[in-house]
Amino acid sequence: MTTVSQIEAILFVVGEEGIGLEELSYLLGLSTAKTYEALTALKERYESDEQTALNILEVGNHFILSTKKNFAPLLKKYAQSPISNSLSQAALETLSIVAYKQPISRVEVDEIRGVQSAGSMQKLVARQLIEEKGRVDGPGRAILYGTTAYFMDYFGLRSLEELPDIHQMEEEIAEELPLDLFFDRYKELNEDPPTTDINESEEEN
């Protein structure tokens, strides 16, 4: 297990929020200089390898595993595909947590679900059902997510107060998430799901 492969694994898990150099150095037990050197090596390997779609974005002092620009048309096609328009149970679970707990970070969603939710979060952002609502104050400045106006229209809600009372479900949410609202409404709309656009920036991960 090399330093470069460890960095690759960490970048994959943290998803679109990325990770700071100092935190990455701490996890690897290396100096920031050595960590940055390994990051640069991985970035250069991605850039020179035409057989990989991956790239590393450096945003401020954060590093994010991303896809190369030339894959944007393919990813847009995927987002608009009728096949991909059906939300999985994992995505619906993630959406329900965001709806009830917003604003909430991806890490907090992971803790509630007990599994990694980066893929579901990305799909929900691409479908314009959730969006960035701010950043956590503190190290890493994790993204906080909440539902969109499109979410309200999509599920026929006039306000979040129309969601079932969260206090009645608080003790059960880890075992039985409040999905009925989403499943029932989604089944009604799934015969002719709307298509959406996807951000064609380098942050398509």
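A: In this predicted model, the contact in question is made by A90, A91, T94, L95 and V98 of α5, which meet S120, M121 and L124 of α7; contact means heavy atoms within 4.5 Å. By class, this contact of α5 with α7 has six nonpolar residues, two polar residues and no charged residues. Ala, Val, Leu, Ile, Met, Phe, Trp, Tyr, Cys and Pro count as nonpolar, Asp, Glu, Lys and Arg as charged, and the others, Gly among them, as polar.

The model being predicted, local features need pLDDT of at least 70 and side-chain atom pairs count only at pLDDT 80 or more, whereas totals for chains, interfaces and linings use all residues. Residues are numbered from 1 along each chain as its sequence is written, and side-chain values use heavy atoms, with hydrogens and water left out.

As to geometry, α5 and helix α7 (residues 118-126) pack at an angle of about 75 degrees, and their axes are 9 Å apart. The two helices α5 and α7 are therefore roughly perpendicular to each other (under 35 degrees is roughly parallel, over 145 roughly antiparallel, 65 to 115 roughly perpendicular, the rest oblique). Axes are lines fitted to C-alpha atoms, for helices over the stretch in contact, with angles from 0 to 180 degrees between N-to-C directions.

R113 pairs with E93, and the closest N and O atoms of the two are 3.0 Å apart; a salt bridge requires a side-chain nitrogen of Lys or Arg within 4 Å of a carboxyl oxygen of Asp or Glu. R113 belongs to helix α6 (residues 106-113) and E93 to helix α5 (residues 89-101), so the pair ties together parts that are 20 residues apart in sequence. Buried means under 20% relative accessible area, exposed over 50%, and partly exposed in between (1.4 Å probe, protein chains only).

A cis peptide bond joins Q102 and P103, with omega of about -5 degrees. P103 is placed in the loop between α5 and β4 (104-105). In the loop between α7 and β5 (130-135) lies Q128. Phi of Q128 is near 65 degrees, a positive value in a residue other than glycine. With 37% relative accessibility, Q128 counts as partly exposed.

Another salt bridge is formed by the side chains of E132 and R135, at 3.3 Å from N to O. E132 counts as partly exposed at 44% relative accessibility, and R135 counts as partly exposed at 35%.

Helix α1 (residues 3-14) and helix α2 (residues 21-28) pack at an angle of about 125 degrees, their axes being 11 Å apart. That makes α1 oblique to α2. T3, Q6, I7 and I10 of α1 make the contact with L24, L27 and L28 of α2. The residues of this contact of α1 with α2 divide into five nonpolar, two polar and no charged.

Helix α1 is also joined to another helix by a charged pair. R45 forms a salt bridge with E8, their closest N and O atoms being 3.7 Å apart. R45 lies in helix α3 (residues 32-48) and E8 in helix α1, so this pair ties together parts that are 37 residues apart in sequence. R45 is partly exposed, with a relative accessible area of 43%, and E8 counts as partly exposed at 25%. The structure holds six salt bridges.

One further loop residue may be noted. L157 is found in the loop between α8 (149-154) and α9 (180-189), and L157 is buried, with a relative accessible area of 9%. Leaving aside its neighbours within four places in sequence, L157 is in contact with F151, M152, E162 and L163.

For the protein as a whole, there are nine helices and six strands; these are DSSP runs, helices being H or I of at least four residues and strands E of at least two, numbered from the N terminus. Of the 205 residues, 42% count as buried. Among contacts between residues at least 6 apart in sequence, 57% join residues at least 24 apart.
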